[in-house]
Amino acid sequence: MPHVALITSSYPDGAPGSEAAGSFVADFARELSTRARVTVLAASAAESVSNEGPLTVHRFAVPKMPLSLLRPMHPGDWLPIIRTLSSGRKAMQSLAAEDLPDHILALWALPGGYWAEAVARQRKLPLSIWALGSDIWGLGKIPLVRTKLRNILRRADYLYADGLQLAADVEGLCGRHCEFLPSTRRLPRPDNLAVSAGAPYKLAFLGRWHVNKGVDLLLDALLELPDDDWEKISEIRINGGGPLDESVNIAVQELLKQRRPVSLGGYLDKPEAAELIAWADYLLLPSRVESIPVTFSDAVQLLTPIVATPVGDLPRLRDKYRFGVIASGISASDFADALRSALNESAIEFQSGIEKASSEFDLTQIVTQFMDNTGLPGS
């Protein structure tokens, strides 16, 4: 079996929220380990090593987790960033010295690509980099970081992105071909995946309570809905956590004062997330900034229609798969209108498009695509 080293800043470690953040990386690594021997190098708060047959996870210590909280424009974060960059490179160098891989896959362009590219160049190892929107649309806007990001991408042998527009933007940044590779996680399948034929409907939101994910837009939209629309809603469940925790709680308390059927919960592990999404007749994605959210692939796996804002690739995917309803814009009023439209639709009518999407956002197919593209034995 070929040996693939996967180096990442996102891998679940049991901390609240890490299940959602790194779950699909772990599932990709496990699926890849059925075709190759896989060593995961993962940033963590503490060093550790664990083995799962052909999958080995080496966690290397970094000063601050999650790494997404480190801000290059904030001088107070410069020392932790420097130490983080050094720790990842040392971990990659140690692995190459002890157990040379046949291929390196970096998730994501930064810091993963930085950790991997020097070792790949020194050892003449093929390197794949899988980019996220936060790489290109976030870090890529910072002038000096953008230059470093471009150079790292140009040194890779294979480039991937988990969004269609994102892949085009990677190509625009570095002038190299970038392949669309969906990010998806493997969820358990609850027994009942049926959606209701008509109102009243069950609605669910699952994700970070962050301005990019638009949970505030959702709550403002719910506060706009009149009684006639609420008669078509049996229950709304909002799960997650994050920096908007206080404002989310205040808005939900206001809805409860109005006797609206809303409940609030924390982060969910995969079985719990699967139960929530399968329970829902519509999954709500009110994001302001997005490529293709992991919860999109969660929903199509579990055959749950979606109500979403028109961000990232979601309008193109809606045209291709007709998975639900897309709002006309990114505002609370726009999302309220989209909710109203969904409440007046038969959710069952979206099933054929969702089933088609489910077959294409399949983890086994995604790993096969990666193996075929890189020419690894066993593809």
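Q: In which sense do strand S9 and strand S12 pair, and over how many bridges?
A: Two strands pair if DSSP finds at least two bridges between them. Here S9 (residues 201-208) and S12 (residues 282-285) pair in the parallel sense over 2 bridges. Leu203 stands opposite Tyr282 in S12. Strands (E, at least two residues) and helices (H or I, at least four) are DSSP runs, numbered from the N terminus.

Q: What kind of model is this, and how are residues numbered?
A: The model is predicted: local features need pLDDT of at least 70, side-chain atom pairs count only at pLDDT 80 or more, and totals for chains, interfaces and linings use all residues. Residues are numbered from 1 along each chain as its sequence is written, and side-chain values use heavy atoms, with hydrogens and water left out.

Q: What is the strand order in the sheet that holds S9 and S12?
A: Read the strands across the sheet. The order is S11-S10-S9-S12-S13-S14, an open sheet of 6 strands with parallel pairing. Its edge strands are S11 (262-265) and S14 (324-326), and each pairs on one side only. Neighbouring strands are turned by 20° against each other on average, direction ignored.

Q: Which strands does helix H11 lie across?
A: Look for contact, meaning heavy atoms within 4.5 Å. Then compare directions: axes are lines fitted to C-alpha atoms, for helices over the stretch in contact, and angles run from 0 to 180 degrees between N-to-C directions. Helix H11 (residues 294-301) lies across S9, S12 and strand S13 (306-308). H11 runs at about 170° to S12. Helix H13 (residues 332-343) also packs on this sheet, touching S9, strand S10 (233-241), S12, S13 and S14. The direction of H13 makes about 160° with that of S13.

Q: Which residue meets Asp298 in a salt bridge?
A: A salt bridge is a side-chain nitrogen of Lys or Arg within 4 Å of a carboxyl oxygen of Asp or Glu. The structure holds 18 of them. In one, the side chains of Asp298 and Arg185 meet at 2.9 Å, N to O. The pair links distant parts of the chain, 113 residues apart. Asp298 is in helix H11, while Arg185 is in the loop between strand S8 (179-180) and S9.

Q: At what angle do helices H7 and H9 pack?
A: The angle between H7 (residues 215-224) and H9 (residues 245-257) is about 15°, and their axes are 10 Å apart. That makes H7 roughly parallel to H9. Angles under 35 degrees count as roughly parallel, over 145 as roughly antiparallel, 65 to 115 as roughly perpendicular and the rest as oblique. H7 passes H9 in a left-handed crossing. A crossing is left-handed if the near helix is turned anticlockwise from the far one by less than a right angle, and right-handed if clockwise.

Q: Which residues of H7 and H9 meet?
A: Val215, Leu219, Leu222 and Leu223 of H7 meet Val248, Ala251, Val252, Glu254 and Leu255 of H9. They divide into 8 nonpolar, no polar and 1 charged. Here Ala, Val, Leu, Ile, Met, Phe, Trp, Tyr, Cys and Pro count as nonpolar, Asp, Glu, Lys and Arg as charged, and the others, Gly among them, as polar.

Q: How do helices H2 and H3 cross, left-handed or right-handed?
A: H2 passes H3 in a right-handed crossing. The axes of H2 (residues 78-98) and H3 (residues 109-123) come within 9 Å and cross at roughly 35°. The contact includes Gly88 and Met92 of H2, and Tyr114 and Trp115 of H3. Its residues divide into 10 nonpolar, 3 polar and 3 charged.

Q: Which strands stand at the edges of the sheet of 8 strands?
A: This open sheet has the order S3-S4-S2-S1-S5-S6-S7-S8, with mixed pairing. Strand S3 (48-52) and S8 stand at the edges with a single partner strand each, so one side of each is left without a neighbour in the sheet. Inside the order, S1 (residues 3-8) and S2 (residues 37-44) run parallel, joined by 6 bridges. Leu6 stands opposite Val40 in S2. Helix H15 (residues 363-374) packs on the sheet, touching strands S5 (103-107), S6 (127-131), S7 (158-161) and S8.
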